[in-house]
Amino acid sequence: MTVTGHRQRATTRTALRSSRLSSLLGLTGVVIVGALVSAAVLAPWLAPYDPTERVARPFLSPSWDHLLGTNDIGQDLLSEMIFGARVSLTVGIVAAAVALLIGTAVGVVAGYYPRRLGSVMMRGVDMILVLPFLPLLIVLAAYLGRSLLNTILVIGVLIWAEPARVIRSQVLSLRSREHVLAARSMGAPDRWTILRHIVPRTALLATGSFVRAVSNAILLEAALSFLGLGDPIQKSWGSTLFWAQERLAFLTPAWKWWVLPPGLLIMMASLGFALVAFSLEERIDPRL
């Protein structure tokens with residue numbers, strides 16, 4: 001067998017191993033995300049207690065009645081974790097949807113009109129990307145006030161730039177395809193061409209960007225809530241960490257059941273969506 005044949009076989013084996021690894025990681029992410037979403041949807045039936053009610057003495061250690069113990073006012077922490085999944089995942093998903101809508105609109109327009117309009121819009125994207133992200137996030141959240149809607153808007157408005165850049169690169173390639181050039185040469189309106197030939201072909205790429213944005217938005221919601229800039233009424237994983245810090249749980253044995261569980265859940269949620277996004281992006285663009 002020639003050297004070229006050996007190289008081709010080696011390349012094929014490498015590609016197969018990479019594909020299997022991608023599928024395994026994607027399946028792992030789907031399982032993690034599916035478990036967390038199921039817990040959020042079924043929270044009223046899965047949670048043993050009402051997370052807003054005092055059900056035992058404060059700072060109770062884990063037991064069979066309270067698997068994660070209780071907080072400083074006697075609320076069941078396991079119930080708080082289960083119901084907290086609803087708020088954390090909702091903020092992550094809705095904020096990612098807001099970011100995707102803005103990013104898709106900017107990316108499509110900037111890619112379809114790449115000269116003057118596209119150039120101006122991409123300079124705005126570059127400005128968003130180079131600004132110090134976390135200080136800007138904190139300032140906007142503090143200025144707008146602590147509410148669930150404001151948290152969603154702040155996160156969505158600040159994470160749209162990356163999807164916009166990714167989608168624009170795809171649109172730049174699509175606008176030079178023969179069917180798009182044919183439609184434009186026959187006098188088809190730009191709006192019709194964009195909606196008929198451009199947007200549908202960016203759907204898969206937008207899906208990958210959306211899943212990755214959910215992963216980032218969950219982390220950002222947790223960060224804002226931990227800093228006291230989230231909705232103080234809503235129970236999320238980040239707000240649980242905030243109250244644990246306020247009640248000095250880090251200095252007591254209670255950190256083991258009050259701090260570790262929400263931190264691990266935030267990590268698992270972000271990891272799960274990131275693995276799904278990784279698998280999707282590799283399937284969309286095998287060159288990755």
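**Figure 1. Surface and make-up of the whole chain.** The accessible surface of the chain comes to about 15,700 Å², and carbon and sulfur atoms hold 67% of that area; areas here come from the Shrake-Rupley method with a 1.4 Å probe, and for residues only the protein chains shown count as cover. Please keep in mind that this is a predicted model, in which local features need pLDDT of at least 70 and side-chain atom pairs count only at pLDDT 80 or more, while totals for chains, interfaces and linings use all residues. Residues are numbered from 1 along each chain as its sequence is written, and side-chain values use heavy atoms, with hydrogens and water left out. The chain holds 13 helices and zero strands; both are DSSP runs numbered from the N terminus, helices being H or I with at least four residues and strands E with at least two. Along the principal axes, the C-alpha atoms fill a box of roughly 75 × 60 × 35 Å. Of the 288 residues, 41% are buried (buried means under 20% relative accessible area, exposed over 50%, and partly exposed in between, with a 1.4 Å probe and protein chains only).

**Figure 2. Thr 151 and its neighbours.** Here we look into helix H6 (residues 148–158), where Thr 151 lies. With 5% relative accessibility, Thr 151 is buried. Leaving out residues up to four places away in sequence, Thr 151 touches Val 91, Glu 221, Leu 224, Leu 229 and Gly 230, a contact being heavy atoms within 4.5 Å. Across the chain, 69% of the contacts between residues at least 6 apart in sequence join residues at least 24 apart.

**Figure 3. A nonpolar patch on the surface.** Trp 255, Leu 260, Leu 264, Met 267, Met 268 and Leu 271 make up this patch, with about 510 Å² of accessible area together. Patches are built from residues with over 30% relative accessible area and no salt bridge, joining like charges within 9 Å and nonpolar side chains (Val, Leu, Ile, Met, Phe, Trp, Tyr) within 5 Å. Helix H13 (residues 260–284) gives the most to the patch, with five residues.

Figure 4. In one of them, the side chains of Arg 247 and Asp 72 meet at 2.6 Å, N to O. This pair links distant parts of the chain, 175 residues apart: Arg 247 sits in the loop between helix H11 (237–246) and helix H12 (255–258), and Asp 72 in the loop between helix H2 (43–46) and helix H3 (77–112). Arg 247 is partly exposed, at 37% relative accessibility. Lys 235 also forms a salt bridge, with Glu 80, and the closest N and O atoms are 3.4 Å apart. Because Lys 235 lies in the loop between helix H10 (203–226) and H11 while Glu 80 lies in helix H3, the pair ties together parts that are 155 residues apart in sequence. Glu 80 is buried, with a relative accessible area of 3%.

Figure 5. Asp 126 pairs with Arg 123 in a salt bridge whose closest N and O atoms are 2.9 Å apart. Both residues lie in helix H4 (residues 116–130), three residues apart, about one turn of the helix. Asp 126 is partly exposed at 22% relative accessible area, and Arg 123 is partly exposed at 46%. Arg 123, Asp 126 and Arg 165 are linked in a network of salt bridges.

Note on methods. A salt bridge is a side-chain nitrogen of Lys or Arg within 4 Å of a carboxyl oxygen of Asp or Glu.
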